[in-house]
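Take a moment with the model below.

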Amino acid sequence: MDKRLNRILVLGLIGTAVLALIFFAGAIAYMFGQGQSAGLSMGKKCIAVIHLDGEIVSDDIQPGLFGEGQPGSETLAAMIRKEGGKEDVAAILLDINSPGGGSAATHDIYYALKNVTKPKVAYIKEVGASGG
């Protein structure tokens with residue numbers, strides 16, 4: 001009888017642990033799933049994350065056979081203006097990993113950011129050289 005009781009207790013503990021794990025995984029998925037396409041969620045407001053990877057160029061670089069492509073400065077500026085105009089966006093995070101680029105392209109991004117009234121933060125990953 002003792003072995004049977006121990007086995008039931010062990011199975012009960014394992015079952016409880018599995019249910020708790022499922023509950024916490026669901027809670028975490030729910031919390032992080034609330035962020036819109038704009039970025040990181042903070043309740044009713046979120047932070048728009050805009051990625052600037054690669055050389056800063058005016059025109060979009062289309063995906064090719066061996067590359068992913070990247071948005072040009074006009075596309076990035078449009079994204080900045082769009083996210084800056086949303087009421088649920090509290091701030092803009094510019095995620096930079098760029099060796100720099102052209103002055104005209106940099107100018108487009110600069111003025112788009114300058115005209116947004118919300119807080120802006122630039123985060124430079126591995127490379128952050130001047131544009132122009």
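The chain exposes about 9300 Å², and carbon and sulfur atoms supply 63% of that area. Accessible areas here come from the Shrake-Rupley method with a 1.4 Å probe; for residues, only the protein chains shown count as cover.

This is a predicted model, where local features need pLDDT of at least 70, side-chain atom pairs count only at pLDDT 80 or more, and totals for chains, interfaces and linings use all residues. Residues are numbered from 1 along each chain as its sequence is written, and side-chain values use heavy atoms, with hydrogens and water left out.

How far can the model be trusted? The predictor's confidence in each residue is its pLDDT, from 0 to 100. The chain averages 79, and 83% of the residues score at least 70. Among the elements, H2 has the highest mean pLDDT, 91. Strand E1 (residues 39-42) has the lowest, 54. Over residues 33-38 the pLDDT is below 50. Where pLDDT is low, the predicted coordinates should not be read in detail.

Now the layout. The chain has three helices and four strands. Both are DSSP runs, numbered from the N terminus: helices (H or I) have at least four residues, strands (E) at least two. Along the sequence, the pattern is α-β-β-α-β-α-β.

Next, the inside. Of the 132 residues, 22% are buried. Buried means under 20% relative accessible area, exposed over 50%, and partly exposed in between (1.4 Å probe, protein chains only).

Which residues of the largest nonpolar core touch the most other members? They are Ile 50, Leu 52, Ile 80, Ile 92, Leu 94 and Ile 109, out of 17 residues in that core. Strand E2 (45-53), helix H2 (73-85), strand E3 (89-98) and helix H3 (103-114) each supply at least two residues of this core. A nonpolar core is a set of buried Ala, Val, Leu, Ile, Met, Phe, Trp, Tyr and Cys residues joined through side-chain atoms within 4.5 Å.

Look at Ile 109. Not counting residues up to four places away in sequence, Ile 109 touches Leu 52, Ile 56, Ser 73, Leu 76 and Ile 80. Contact means heavy atoms within 4.5 Å.

Finally, follow H2. Its buried residues are Ser 73, Leu 76, Ala 77, Ile 80, Glu 83 and Gly 84. Seen down the axis of H2, these fall within an arc of 135°, so they line one face of the helix. The arc is that of the directions from the helix axis to the C-beta atoms. Their cover includes E2, E3 and H3. On the other side of H2, Lys 82 and Gly 85 are exposed.
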